[in-house]
Amino acid sequence: MTTPQPNSTAPAPEAPQVSEAPPAPQAPDWWRDAVIYQVYPRSFADGNGDGMGDLPGIRSRLPYLRDLGVDAVWLSPFYASPQADAGYDVADYRAVDPMFGTLADAEGLITEAHRLGLRLIVDLVPNHCSDQHAWFRRALAEGPGSTARDRFHFRKGRGENGEQPPNDWESLFGGPAWTRVPDGEWYLHLFAPEQPDFNWDHPAVHDEFRSILRFWLDRGVDGFRVDVAHGLVKAPGLPDMGHTGEQLKLLGNQSLPFFDQDGVHAIYRTWRTVLDEYSGDRIAVAEAWTPTAERTARYLRPDELHQAFNFHYLGTGWDATALREAIDASLDAMRPVGAPTTWVLSNHDVVRHRTRLGGDLARARAATLLMLALPGSAYLYQGEELGLPEVTDLPDEVRQDPSFFRDTGQDGLRDGCRVPLPWAGEEQPYGFGSGGSWLPQPADWAPLTVQAQTGDPASTLELYRTALHLRRTHPGLGAGDAVEWLDAPDGILSFRRPGGLVCTVNTTDAPVRLPAPGRPLLSSSSQLPVLDGDFILSPDTTIWWEE
Ligand code: NOJ
């Protein structure tokens with residue numbers, strides 16, 4: 001591959017002004033190309049100065065999200081919870097934990113989001129609850145044989161005195177998936193012992209969750225992110241998984257007797273009828289880790305859920321061939337069920353994509369522009385728009401992720417992507433709140449604050465703002481299911497979208513000279529050298545072109 005010297009250097013394409021973002025899409029099917037921004041409530045903004053993010057803090061920053069240009073916000077759990085797993089252990093699905101605010105705060109947040117043209121999706125945790133949930137407390141109190149125990153998976157143990165767990169299932173957080181209670185029975189928890197699994201063979205569990213859906217739909221939420229959507233139904237008889245010696249991965253795709261069982265789909269059909277009873281398109285997005293994209297598509301048949309996170313894409317490295325295969329496989333899998341493909345690079349369970357892809361900001365920016373050029377819907381995780389890296393040097397004593405304490409060998413401990421956002425100023429907590437932050441922020445984050453990046457055309461924040469604005473206005477971006485691959489050298493991705501958009505990506509560490517496919521719209525790097533109708537695609541760079 002030759003690398004000629006450019007005979008001119010054009011400035012990067014100009015950023016459109018985005019002071020007045022167009023309104024959020026009002027049409028039905030808004031979710032088919034929505035950009036949905038994940039807010040992790042503990043770490044977004046602290047309204048009361050206790051060092052912990054909360055709902056009033058989030059509300060105060062909604063204008064920032066509107067101006068960023070996202071369509072919807074997904075809130076990780078803010079329900080009453082002892083916080084054994086940062087709120088994914090719910091004690092009361094209809095109450096707000098006091099550390100996050102009140103039910104009135106949640107209602108106010110929904111109303112204010114709508115006033116600003118944003119939609120709001122809440123997390124639903126149906127696989128398990130907290131060991132402090134009233135049903136589980138009753139199950140413990142009423143003892144073996146009680147009907148209260150039937151709502152969970154209680155079993156006698158194996159061994160002469162029942163001293164062995166009932167089967168060989170492992171917790172995703174490490175150790176056995178069973179805990180023994182003082183009366184001798186064991187209960188199942190695929191996650192922490194404080195998170196007992198519901199028994200979805202019990203009709204009361206079905207009724208309760210339909211009621212919880214209605215509780216939040218009545219308050220105006222636009223949908224639900226369904227936690228562990230692939231885990232609710234267990235294989236009949238709870239057969240051994242058979243030890244492979246392989247560590248279970250929280251975000252893995254192994255085939256297991258407690259994941260992706262065919263029985264889950266009947267549940268989602270009943271949920272879809274509830275969602276469809278409400279006006280507007282209320283949606284559900286599945287967190288479903290399955291072995292293949294085709295298995296994921298089964299959750300998205302027309303009478304089931306609307307979207308699923310594309311973890312196959314998230315797990316793909318910065319490699320042109322692998323990316324192209326993952327993109328094609330995702331689009332091919334969704335086409336038969338008519339669901340939009342989604343794309344995601346970061347969330348609260350994985351190493352931030354800047355760090356995961358090698359640590360280089362240029363590469364992270366290129367990965368983002370590639371993702372946002374693909375047809376369908378995209379999920380952003382708070383802070384990626386600031387180019388935040390994973391915080392890898394948190395001291396053990398501040399860590400809170402339960403998988404850390406259970407020594408699971410998980411690939412990435414999850415506190416490092418959950419460090420509170422830097423908003424402004426030179427010192428910690430960088431405007432997160434007035435009273436510190438529950439996880440310490442790095443001392444060198446001042447240049448990464450929202451304040452420092454706003455108005456700087458070279459900043460990652462302005463790149464996201466410009467890209468999201470273009471997604472709303474350009475006919476070649478957003479919904480659809482088609483990409484046309486164009487010839488490109490090794491390590492380069494080049495594709496055309498109907499609507500006159502071409503996206504070129506250089507995943508290599510060498511610049512490449514290519515014919516310019518049109519007028520440059522946006523580049524992830526600051527310079528765009530041009531040369532007699534050709535252009536130089538810098539390493540780790542994505543460029544959007546208008547044909
Ligand atoms: C997936 C969530 O994203 C993760 O944070 C949580 O620990 C598990 N589900 C258990 O609820």
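Is D532 buried or exposed in this structure? In this predicted model, D532 counts as exposed, because its relative accessibility is 65% and the cut-off for that word is over 50%. The residue is found in the loop between β20 (527-531) and β21 (534-537), and its phi is positive, at about 50 degrees, although D532 is not a glycine.

**Backbone features**

Most residues other than glycine have a negative phi, and most peptide bonds are trans. The peptide bond that runs from Q428 to P429 is cis, and its omega is near 5 degrees; P429 has its place in the loop between α12 (402-405) and α13 (450-453).

**Aromatic rings**

The structure holds 30 aromatic pairs.

Why is the pair of W485 and F495 called edge-to-face? The centres of these two rings are 5.4 Å apart and their planes stand at 75 degrees, and because planes over 60 degrees apart count as edge-to-face, the pair of W485 and F495 receives that name. Here, too, distant parts of the chain are linked, with W485 in strand β15 (residues 484-485) and F495 in strand β16 (residues 492-497), 10 residues apart. W485 is buried at a relative accessible area of 17%, because the cut-off for buried is under 20%, and F495 is buried at 0%.

Ring pairs also join a number of residues into a cluster, among them Y93, W135, F152, Y187, W200 and Y299. F154 is another member of this cluster, and R149 lies over the face of F154, at 4.3 Å from the ring centre. In a like arrangement, R61 lies over the face of W423, at 4.0 Å from the ring centre.

**Around the ligand**

Which residues come nearest to the ligand? Of the 13 residues around it, these are D85, D227, H348, D349 and R414. The shell divides into four nonpolar, two polar and seven charged residues.

| Residue | Distance to a ligand oxygen atom |
|---|---|
| D85 | 2.5 Å |
| R225 | 3.0 Å |
| H348 | 2.8 Å |

Taken alone, the ligand exposes 290 Å², and the protein buries 100% of that area.

**A serine in a strand**

S523 is found in strand β19 (residues 519-523), and S523 counts as buried because its relative accessibility is 6%. The side chain of S523 reaches the backbone oxygen of S525 at 3.0 Å.

Key. Residues numbered from 1 in each chain as written. Predicted model: local features only at pLDDT ≥ 70, side-chain atom pairs only at ≥ 80, totals over all residues. Heavy atoms only, no water. Phe/Tyr/Trp six-rings, centres within 6.5 Å; stacked < 30°, edge-to-face > 60°. Helix = DSSP H or I, 4+ residues; strand = E, 2+ residues; numbered from the N terminus. Buried < 20%, exposed > 50% of the residue type's maximum accessible area, 1.4 Å probe, protein only. Lys NZ or Arg CZ within 6 Å of the ring centre and 35° of its normal. Near = heavy atom within 4 Å. Polar contact = N/O pair within 3.5 Å; in protein donor to acceptor, adjacent residues only side chain to side chain. Areas by Shrake-Rupley, 256 points an atom, 1.4 Å probe, with all protein chains shown as cover. Nonpolar A, V, L, I, M, F, W, Y, C, P; charged D, E, K, R; others polar.
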